[in-house]
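Subject: Structure for your files

Hello,

Here is the structure I said I would pass on. My notes on what was found in it follow below.

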Amino acid sequence: MPAKPDPQTPMFRVAYTKLTEGQIASALAKVAKAGPACASPLSDSLRGKSLRIVTDKGPTLSYRFASDRQLSVSENGGKAVDAGYGALVQDHITLIAHLIPNSLRGYAVVIDNRTNIATVFDLWFGGFVDKREVMREIYPGYVDTGKPEPVKRHKLSNRAEGKGFYWKQDTGYETLEYYPSAAYSHFVELTGTGNEMGFSAPSDYLQIDDEFYIYDRWEAEFSGTFTLYVMDLNRQEQIGLRLGFDRLDALDYYLFRGKGEWLGQIAQFEKFGDTNGAVLPLPENAKKGERRVYRPVRTYPKMTREQVAEAVAKNRRVFAPRVGAGSGASGMAVNGTPPVDVLAGKTFTIRYDGGPVMEYRVASADTLSWRKDGGAWKEARYQAWESMPGVVLFGHLLEGEPNHDGHMIVADFDAGLASCFNGYLNTPYFAQEAGARTLFGVLEGQGIPSPGSQRHQRTRELLGRALTWNYAPGLTSMHLYSTPNTVSWIIFTDSGAGGMEWSGSGDFVKIRDGLYFAYWLEEACNGTLGTILINMRTMHDAGIGYHCGEEGLSMSQIGAHARHAGQFDVARFFAKKEA
Amino acid sequence: MPETSEMTEAGTSSRRAFLKGGAIVAAPLAVAIPGAAIAADEREARLRRLEDEAAIRALHQDWLRRVNARTAADALFVDASAAQCLDAAVCAIAPDHAAEAERIEIAEDGKRATGRFTCLIETETRLLPENTFAQMALAQGGGITRTSERREVRANYVKLGQSWAIATIETRAV
């Protein structure tokens, strides 16, 4: 029996059980007739009533509600089946959820009681390779009251984009939920994990009216769990459904109420007047429920240590001209600043606390010699950028190191301080995937002042911020620094809407006021370590990507123009604990 | 483009130059020949040029339509292989009405002509899936960068029987 995953294991590292349809059916059978659990009192507003929900291109559902827990439902005039259900009401919105017994299916229905506009979420297991992943198809419709049908429908909208909430369910489950995209969302589980990591998942946002929205996400590539809620923006309250199997394969099937706290609103980048929420085109010949989902691990080759060693020996490209595939960050520096030669002719030493002593002799604008801990001198190609006067970012590979290390260093020659993001390979999940450690140290050399015990410090000044990065014409993404150690990135669509999103570990170091050194790891997707020195005054970065793949090991420039999209107010949710 | 295919100064003037020249020439003629009697052969030549220019203009419009519709333009060319004259990244061409007017020059023999048209040329480039950004952009149905540039379309035409065909087309930076 495989070991149960540690709650602190990031979602993209959990080897979720490949549940069979039989296992899923067995679990659903236990709850389908009883209905969803709920920690709050369920609504009895439907008891004794009948409802006919007509959808535009989907099913017609005829309900009879015998009690506040039991209903019968007929799909498209078919034979009625009895099922357990639950309903919650938030102001003028009712949410109903139930399964269809003896199936892998169920429905969630959201009704606006003022307008009789309704939206049906057709939910099912078994529709994807991973059977545990809950699929959904959304059908706009209305409640048939015998009167003329309403003209409007709840519709996909980008009007929720850019918002963020802290939510606490009646179950005690707490999350930070960011909506930086019109097609994805980013969530941080504050309960139970303790690892302060954020994750990204495909989502839908439907506007009911100006203050009520329907949100859903399914944790694709993770547990496959589906979450849906109606959020009341002004009251900061939610009613919702959670359906799926958690990382321990226990079934979550419950309705919840939640209370929230507003985290803020960041900028949107669509044209004014554009409120379209269907921002990602459906795949060609899309089947029911299919949509575009970023599933990187399925195509990411898994290399062994031996394969990595072979690839690195075969090809190392350090700031090489960008031709062909595989440099990991290639093409990400059209808007970068040109490298500088300020280090040429300099000799200096960096002593890292608890780390190596690195000595440097810099021969030219792109060649230096280094030695580690008094060992043999080795020559390396490097490049450097001076982001602020006296502050230089430079990077080089450490040939001969067993884990094929690369150092990306910010050296402040005016302060005598240096910080290094030490990239390395041979990491536990994919050997070619980069890992990183942060080293703090001092610079020693002629004319360089001694900082004494002062060091660069980790910072939370970037926490909650979102910065867009335009690397080249048509190549713009946004970083969201969602936790003290998470970087999430969102890829814009052609219309400027936030599209796909993914996330990885990160770290943030303050170099000077307005100057920050950050990294992100493209974990479980491409394995690149991205490091950038962010200048919040010039709104420009200088950066270095460190990447290994079957084509070899590379180090390449990153550079982009920035825009500040805003900052979510989340510092209070993360206890200060880093050194 | 081969130099021989360029129109030379020996070529007959463009429509605009033709009309301008005609006006200059016409003044003394008007004095010399009251009643504006223009020789029949000159009227015929002038009409033929105007018809040729109109035909070339229509041919150019047809080519533009086909480029923009991404349909084959082989039939408009003397040699079908010359129809592949644009970079594969070109996805649209539009006349630049803010630029200098088009210039069509017909050779003296009436068998060859050149056209100069300032256009806005739009290109689209599909990202290579060589980094996470590009992989995600492609996965979401995007990953295509578009740029627009003002360029001069230079065309050489040949008259085959009663019809004009395109011999070559190239674009140059303006």
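Which kind of contact do the side chains of Asp130(A) and Arg298(A) make? They meet in a salt bridge, 2.8 Å from N to O; the term stands for a side-chain nitrogen of Lys or Arg within 4 Å of a carboxyl oxygen of Asp or Glu. The two residues are 168 apart in the chain, Asp130(A) in the loop between β8 (117-124) and β9 (135-143) and Arg298(A) in the loop between β18 (251-265) and α2 (305-314). Asp130(A) is buried at 14% relative accessible area, while Arg298(A) is partly exposed at 38%. Buried means under 20% relative accessible area, exposed over 50%, and partly exposed in between, with a 1.4 Å probe and protein chains only.

Before the rest, some conventions. This is a predicted model, in which local features need pLDDT of at least 70 and side-chain atom pairs count only at pLDDT 80 or more, while totals for chains, interfaces and linings use all residues. Residues are numbered from 1 along each chain as its sequence is written, chains are lettered from A and ligands numbered from 1 in the order in which they are written, and side-chain values use heavy atoms, without hydrogens and water.

Other salt bridges

The structure holds 52 salt bridges over all chains. One of them joins Arg295(A) and Glu221(A), at 2.7 Å from N to O. Arg295(A) is in the loop between β18 and α2, and Glu221(A) in the loop between β15 (212-218) and β16 (226-232), 74 residues away. Both ends are buried: Arg295(A) has 17% relative accessibility and Glu221(A) has 16%.

Arg437(A) also forms a salt bridge with Asp405(A), with the closest N and O atoms 3.6 Å apart. Arg437(A) lies in strand β28 (435-444) and Asp405(A) in the loop between β25 (391-397) and β26 (406-412), so the pair ties together parts 32 residues apart in sequence. Here Asp405(A) is buried at 7% and Arg437(A) partly exposed at 38%.

Salt bridges with shared partners connect Lys18(A), Asp130(A), Glu133(A), Glu221(A), Arg295(A) and Arg298(A) in one network.

The chain as a whole

Chain A has two helices and 38 strands, taken as DSSP runs numbered from the N terminus (helices H or I, at least four residues; strands E, at least two). The C-alpha trace spans about 85 × 50 × 45 Å along its principal axes. Of the 579 residues in chain A, 61% are buried.

Regards
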